[in-house]
Amino acid sequence: MRGITTSLQQSWLARIPLPWISVVVGLLCGLVTWLFLDPILNQRLEKIFQDNLASRLEVRSIETRHRFESFLQEWSSLGHRFAQHWQVVDHLSSSAWEDSLESPIRYNRRRPPAWIESGQLILSSIEPDQVVLLDSDGGPREIFQSEALPFPLERLTDFFSGREEVVMTTIQRKPYLLVWSGIRRTEGFDPAFLMLVVEIDDHFLDESQQAVGDPDTVIALLDSENQELIVSSNRKSVFTTSPLGIWKEAYLVTSQALVGYQGVDQNLLFTTLVSREATMRTMQNILSLAQQDRFIAALVFMAAFSLVFFLISTKISHVLQRISRFGQQALGIEQPVVKRGNQMLLLESWIKAFFRQVIVARDKLRLQQEERLKESEVFKSALFDNSMDAIITLDEQGQVIEVNGTAVRAFGFDREKLLGGRFDEIAIHPDYRAKYRHMLSSCARKSGSNLECRAQSMVAVTGHGEERAIECSVISIHLSQQTVFNVYLRDVTGRKQAEREIASLAKLASENPNPVLRANKRGVIVYANTASKPLLDYWGCERGQTLPRYWQNLVNRSLTAGETEEFEVSFDGQVFSLQLAPIQELDYVNLYARDITQMRNAEMQSRQHQSELVHVCRVSTMGEMSTGLAHELNQPLSAIINFASGCVRRIQSGVGGEAELVDAMAQITVQAERAGEIIKRLRALVGKRPQEHEVVNLNHMVLEVASFIEYEANRHRVEVTLELSKESLPVKVDLVQIEQVLLNLVRNAIDAMKVVTSGDRKLLLKTKRLDDSRVEAIVMDNGPGMAPDTCEHLFDAFFSTKETGMGMGLPISKKIIEAHYGELSVETSVGEGAIFHVVIPTDPALELPGF
Amino acid sequence: MSSQTTVFVVDDDQAMRNSLKWLIESVAMNVETYESADAFIHSYYPGRSGCLLLDVRMPGMSGLELQEYLTAHQIAIPVIIITGHADVPMAVRAMKSGAVDFIEKPFNDELLLESIRHALMLDERQRDMQSQRAEIATRLARLTPREHEVMVMVTNGRANKEIASSLGVSAKTVEAHRARVMEKMEAGSLAELVRMAIHANLTIDEETLEE
């Protein structure tokens with residue numbers, strides 16, 4: 001999503017709404033088309049115009065010539081008509097005409113001839129300059145002169161060919177029109193001719209066009225020899241007698257020959273001049289008009305299209321907005337649906353992002369699916385592998401396809417061996433194969449009832465060849481291609497065993513040699529085993545009867561408190577320990593009794609024995625004590641001797657005073673008394689005790705010693721290990737003395753181990769038979785050991801390595817053992833600990849007193 | 001016996017202290033008693049002559065330990081050990097540390113007194129020797145180096161001629177040196193000079209001189 005936002009921010013285009021873009025695009029397209037097409041159209045129009053103009057010019061020049069020629073024709077007819085006029089004819093018939101004259105008769109305006117009526121000879125307001133009547137020889141007889149000619153008339157009559165004709169000619173660079181017409185006379189008279197002379201000037205030319213010519217067209221006559229314009233219809237714009245060359249720029253010039261109206265030596269061309277400016281102007285007008293039209297058309301077109309675009313894009317924009325909003329809502333994807341801006345681009349980028357997300361989502365989904373598939377696979381395979389039952393999958397032929405872990409573990413089947421093999425031949429006991437096959441086939445047919453395929457008891461042969469009671473179930477699984485079977489084997493050996501055990505457990509209580517009873521909360525004995533008889537006898541009740549009142553209360557109390565309580569009952573010299581164990585959820589109290597008579601007796605014996613031991617302990621510490629006492633006794637004795645000697649010397653030398661001597665004597669008495677006290681204490685300490693030899697088990701003594709020092713050993717964190725000989729080791733000894741020796745050795749060992757790190761202190765007590773006549777007890781520690789020179793003096797009196805010791809323990813111990821004809825020895829070296837060997841003679845004949 | 005000579009008794013048992021004091025005073029000797037080794041160390045100073053009677057078994061510092069302490073501090077007072085239960089290792093240890101005698105309780109008064117007398121005599125001799133050595137040392141200090149050399153050679157038994165040749169001087173000069181040595185050492189005879197030299201450990205010096 002961040003990607004989209006960024007690209008949107010970058011693209012300003014995306015901010016402009018789509019309709020506006022379409023309008024702008026429409027306008028731009030129109031403009032470009034316009035700029036491209038306009039000059040082309042203009043050019044084409046111009047070309048058409050030029051072509052048109054050329055043809056039109058031709059047409060026009062021909063038209064003007066035709067008009068000019070018809071004008072000339074009119075003059076010809078005018079002459080002809082006049083020649084036939086009755087007045088003229090009459091005039092010629094008159095005698096006057098017959099009378100030839102030397103010189104022609106001249107008439108003028110003030111004196112017009114009779115044969116002419118005024119206004120008769122006018123064509124388009126033009127009058128001929130001269131009207132001449134010619135005789136048959138061509139000689140002029142009568143001349144009517146409205147305008148005088150600048151040259152003699154004879155020059156004109158020279159052109160007369162003797163027949164009717166119209167001729168144009170130039171005289172003195174002025175063009176003239178000459179018209180000859182025959183005058184019809186009565187028969188017998190010489191023919192006569194009428195000649196009209198008209199100057200061709202601008203007026204004539206103008207009139208020739210009969211006011212049809214347009215003002216931009218000028219007609220003129222061109223002297224082709226000199227290439228000079230002789231006369232023009234518009235002398236203001238086109239001057240006469242000017243060379244043609246100068247007009248070619250301003251005018252389009254067309255020259256034509258006037259066939260049939262020209263003299264022999266004359267070469268006049270009829271020329272039409274059309275103003276170039278006028279045509280150009282026309283063309284420009286036309287072009288600009290066409291351009292305007294096109295522009296308007298284009299404008300309208302553009303506006304219409306842009307509007308259509310605008311409307312369509314607005315609609316599209318709405319639709320896109322809806323689509324993206326829908327996408328957002330439907331997919332729940334947060335994305336920037338911008339209300340304003342280019343919906344197309346937004347949608348595009350959104351769609352890109354959407355597809356990206358779709359791809360990501362697809363990948364994620366696929367991963368998840370794979371993960372799930374994997375998990376489910378793992379889960380299923382775990383289920384499959386760790387099922388309580390062995391599961392064997394078979395194909396239709398009964399061959400093994402798959403085996404689960406339980407089959408391998410519990411039945412010891414070799415997976416490799418099973419796969420592809422026939423399961424019944426490998427794993428089913430021969431006696432049950434038929435049953436198994438029947439089961440399989442009925443399951444395959446689906447005809448057998450469900451029960452036939454469920455939990456059938458059989459015997460399987462494990463991979464190790466053992467036979468196991470099993471329950472076998474089969475289900476068929478119909479796959480698209482084939483049918484497979486799952487065979488479930490449940491080992492019921494354990495269950496059967498358990499069933500047997502439960503059955504035997506039920507007998508446990510009744511077989512228990514100790515009394516076991518159960519009472520309900522009312523104190524009724526609901527169960528009592530055989531061994532409970534003495535108790536029941538004592539209580540005077542039987543099974544199903546109520547306990548004595550006192551015990552009823554105890555049962556109730558135990559049940560209410562929910563706590564196990566213990567009591568002792570003694571009767572008839574027997575002692576029972578009775579435990580009341582409440583089972584609250586069942587409202588029962590179990591009574592477990594134990595005959596502890598022997599234990600109590602043993603304890604009493606032990607206590608007795610212990611007191612003896614304590615006593616001897618004192619006796620044998622006498623060893624150490626005696627050293628102390630000896631020293632203590634030495635003190636007063638030495639003092640006595642000193643005082644006495646001092647007195648003797650004083651008396652001998654006669655130095656001492658009496659008082660002084662008496663005082664010293666008193667001191668002697670005090671010291672003697674002190675010695676006496678010490679001896680009294682010594683006597684009090686050592687009771688008299690005769691040595692008593694009895695047959696005892698050496699193991700028993702060691703055990704006893706071990707239990708004696710248990711507390712001390714624990715206190716010093718010494719780990720005591722016992723390695724006692726399995727056979728009993730009977731010796732005939734003074735039990736107390738030997739135990740004292742052992743005790744002494746063990747205590748020494750514990751003391752020695754004080755320097756060893758707490759936790760590493762190990763003490764081993766061991767007994768064994770050396771041979772027929774000797775047994776041995778060993779006390780072994782892992783203390784610091786002793787150097788050889790220390791070892792040498794170990795059994796010397798008053799030798800001690802301990803600060804508080806008097807060095808009497810080991811010498812006395814040695815004395816005791818030697819008194820038993822045994823040996824006490826040590827093997828040790830520095831850092832190796834010490835091993836004390838107590839060897840005591842035994843006799844194969846010795847027998848331990850029965851316990 | 002000088003009046004300053006004292007028998008110091010250290011024993012934790014009061015009866016023992018009193019009885020010993022009683023006995024020893026009976027032969028007119030000066031006695032001081034201490035109830036512990038510490039008490040003795042605190043009041044004793046090396047200048048005092050006499051001997052020390054020590055009980056082995058005492059609370060605090062034992063007799064043997066006190067003896068070792070004295071040896072370690074070069075206090076040369078003769079020590080007599082008294083013990084209630086003597087054994088060989090203890091006796092060896094005591095004798096090694098320089099005990100004069102090792103007496104077991106109870107003891108004969110004659111034996112003890114004899115031992116004390118012997119110890120005091122040793123003490124006196126020791127002190128004599130010490131003062132003599134100090135006297136000889138002061139006299140030796142008066143000698144010039146040459147005279148010192150001559151004395152060493154003379155006391156080593158060398159003849160005057162020998163001395164003269166080894167020192168590279170005339171016999172007469174040696175003669176003169178020798179006379180001055182006799183004078184400065186206040187020796188009446190050659191034997192006396194030799195004794196002094198032995199006291200002062202001068203004999204070995206000659207070899208170093210020759211080197």
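View 1. In β4(B), Leu52(B) has Val79(B) as its bridge partner. Strand β3 (residues 50-55) of chain B runs parallel to strand β4 (residues 79-83) of chain B, and 4 bridges join the two. Two strands count as paired if DSSP finds at least two bridges between them; strands (E, at least two residues) and helices (H or I, at least four) are DSSP runs, numbered from the N terminus. What you're looking at is a predicted model, where local features need pLDDT of at least 70, side-chain atom pairs count only at pLDDT 80 or more, and totals for chains, interfaces and linings use all residues. Residues are numbered from 1 along each chain as its sequence is written, chains are lettered from A and ligands numbered from 1 in the order in which they are written, and side-chain values use heavy atoms, with hydrogens and water left out.

**View 2. The chain B sheet and two helices on it.** Five strands make an open, parallel sheet in the order β2-β1-β3-β4-β5 (chain B). At the edges sit β2 (30-34) and β5 (99-104) of chain B, each pairing on one side only. Helix α3 (residues 63-72) of chain B lies across β3, β4 and β5 of chain B, at about 145 degrees to β3(B). Angles run from 0 to 180 degrees between N-to-C directions, with axes fitted to C-alpha atoms, for helices over the stretch in contact; contact means heavy atoms within 4.5 Å.

View 3. Strand β14 (residues 456-461) of chain A is largely enclosed by the rest of the structure, because 5 of its 6 residues are buried. Buried means under 20% relative accessible area, exposed over 50%, and partly exposed in between (1.4 Å probe, protein chains only). β14(A) pairs with strand β15 (residues 467-478) of chain A in the antiparallel sense over 6 bridges. Ser457(A) finds its bridge partner in Glu471(A). Between the strands of this hairpin are 5 residues, and Gly465(A) takes a positive phi near 85 degrees.

**View 4. The largest nonpolar core.** This core has 42 residues, and Met701(A) and Phe836(A) have the most contacts inside it. A nonpolar core is a set of buried Ala, Val, Leu, Ile, Met, Phe, Trp, Tyr and Cys residues joined through side-chain atoms within 4.5 Å. The largest share, 9 residues, comes from α19(A). Beyond its neighbours within four places in sequence, Met701(A) is in contact with residues including Val731(A), Ile738(A) and Leu742(A).
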